[in-house]
Amino acid sequence: MSRPSIAVVGGGVIGLSTALALADRGVCVTVFEPGDAGAQSSWAGAGILFPLLPWDYDDAVNRWCEAGIAAHPAWLQRLQRDSGIDPEHRASGMRIVGGAKGRALEWLANRRVAHQSLANGDLLLPEVTQVRNPRLIRALLASCQRAGVLVRERCPAAALTDDGERVTGVRLAEGELAFDAVVVAAGAWSARLARLAEDRVWPVRGQMLAVQADPIAPTIVYEDGRYLVPRSDGVVLIGSTLETVGFDVGTTAEAKTALLNWATAVEPALAHAPLIRHWAGLRPGSVANHPLVGPHPDWPGLWLNCGHFRYGLTMAPACAHELAELLLAAHEHAYKS
Ligand SMILES: Cc1cc2nc3c(=O)[nH]c(=O)nc-3n(C[C@H](O)[C@H](O)[C@H](O)COP(=O)(O)OP(=O)(O)OC[C@H]3O[C@@H](n4cnc5c(N)ncnc54)[C@H](O)[C@@H]3O)c2cc1C
């Protein structure tokens with residue numbers, strides 16, 4: 001059987017993990033990315049490997065997250081082996097404070113998720129892990145290159161090409177390139193590229209702060225959508241906002257004040273921690289937070305891996321595996337028939 005050639009549009013955690021899964025199966029893969037690989041949402045995220053509020057989601061979202069969480073240890077070890085970069089995957093646990101505890105306890109009652117009620121009334125999920133996502137991205141990029149993926153940075157796909165019946169490749173500034181299949185994994189930018197309505201995938205801005213603290217407990221703290229994520233070197237991330245402001249990645253003074261006030265209320269030791277950075281990223285929002293993973297419903301040759309909203313870092317290895325399996329099975333079937 002011929003070795004298929006596949007274009008992946010988007011070089012974030014989803015595009016790169018998809019490219020790696022395809023390359024591992026013998027596919028010839030090219031990734032197209034307008035900027036630096038992994039510099040958008042995948043860099044901006046907090047790196048918590050857990051569906052922050054699983055009690056508010058349906059089973060489909062939680063199943064993708066569970067599959068991602070199960071795949072992460074071996075996947076991250078492989079990335080570290082390939083790249084020599086430690087993505088700092090560790091079980092820091094997550095302490096839930098405030099109003100979410102009641103719903104969390106109800107949800108936990110029927111599930112085998114380790115948890116403990118603490119003396120102060122907080123709830124601890126000791127097995128929740130985190131990863132340092134900027135390092136994960138660097139390791140993943142190195143792994144892709146080692147596996148033979150061609151990653152073309154500063155090379156946006158302007159559009160996809162088709163012959164009226166199926167998608168045939170990508171249009172670049174330099175001209176058109178043909179591929180056996182195209183996977184759109186362009187995060188918040190996916191809808192237009194993937195020939196989807198704009199209400200299928202859209203940008204949801206999240207602002208985040210980083211402060212340099214004296215050592216505090218390594219545990220993630222979560223309260224009603226906001227969280228603290230302590231890294232191993234004293235950097236603490238404070239997140240985040242959920243804003244529908246189109247493709248604007250600016251930051252606001254209001255969000256900074258609100259996040260700092262919340263953080264110092266839950267962890268007074270942060271009151272004098274210097275602010276290192278304030279940034280924003282665009283999550284790929286999707287209907288019911290369901291990622292789109294599989295063939296496009298109307299365009300043969302076009303595949304989707306997008307719309308992972310708040311959990312793309314968590315879901316990445318599972319969605320990449322699924323997409324690669326489905327795409328290769330379809331290619332094999334087409335070859336035999
Ligand atoms: C503040 C914040 C906190 C988060 N925290 C967490 C967390 O704790 N845990 C978790 O699991 N998830 C978290 N997320 C969500 C997670 O970061 C995203 O779901 C994930 O990064 C999506 O990955 P992606 O590759 O689809 O998107 P991106 O990383 O945005 O990658 C998409 C890529 O497509 C590229 N692109 C755009 N246009 C084109 C084009 N024309 N041609 C080619 N490429 C194109 C972009 O440049 C970009 O690099 C967080 C997100 C934010 C913003």
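**View 1. The lining of the largest pocket comprises 25 nonpolar, 19 polar and 3 charged residues.** Here Ala, Val, Leu, Ile, Met, Phe, Trp, Tyr, Cys and Pro count as nonpolar, Asp, Glu, Lys and Arg as charged, and the others, Gly among them, as polar. The model is predicted: local features need pLDDT of at least 70 and side-chain atom pairs count only at pLDDT 80 or more, while totals for chains, interfaces and linings use all residues. Residues are numbered from 1 along each chain as its sequence is written, and side-chain values use heavy atoms, with hydrogens and water left out. The space in this largest pocket amounts to about 770 Å³. Gln 40, Ser 41, Ser 42, Arg 283 and Pro 284 are the closest to its centre among the 47 lining residues. A pocket is an open set of points on a 1 Å grid over the protein atoms alone, where a 1.4 Å probe fits, with protein on both sides within 12 Å along at least five of seven lines; lining residues have an atom within 4 Å of a point. Elements that each supply at least two lining residues include helix H1 (13–24), strand E17 (275–286) and helix H8 (312–336). Helices (H or I, at least four residues) and strands (E, at least two) are DSSP runs, numbered from the N terminus.

**View 2. The second largest pocket has a volume of about 330 Å³.** Its lining has 18 residues, of which Phe 50, Pro 51, Glu 66, Ile 69 and Val 113 are the closest to the centre. Helix H3 (residues 59–83) provides the largest share of this lining, with 5 residues. By class, the lining of the second largest pocket holds 11 nonpolar, 4 polar and 3 charged residues.

**View 3. The count of disulfides, pairs of cysteine sulfur atoms within 2.5 Å, is 0.** Cys 65 is in no disulfide, and the nearest cysteine sulfur, that of Cys 319, lies 8.6 Å away.

**View 4. Phe 247 lies in the loop between strand E16 (235–239) and helix H7 (253–266).** Leaving aside residues up to four places away in sequence, Phe 247 touches Ala 188, Trp 189, Pro 203 and Leu 282, contact meaning heavy atoms within 4.5 Å. Phe 247 and Ala 188 are 59 residues apart in sequence, yet 8.3 Å apart in space, C-alpha to C-alpha.

Terms used: Grid points are joined across faces, edges and corners, and a volume is the space filled by probe spheres set on the points.
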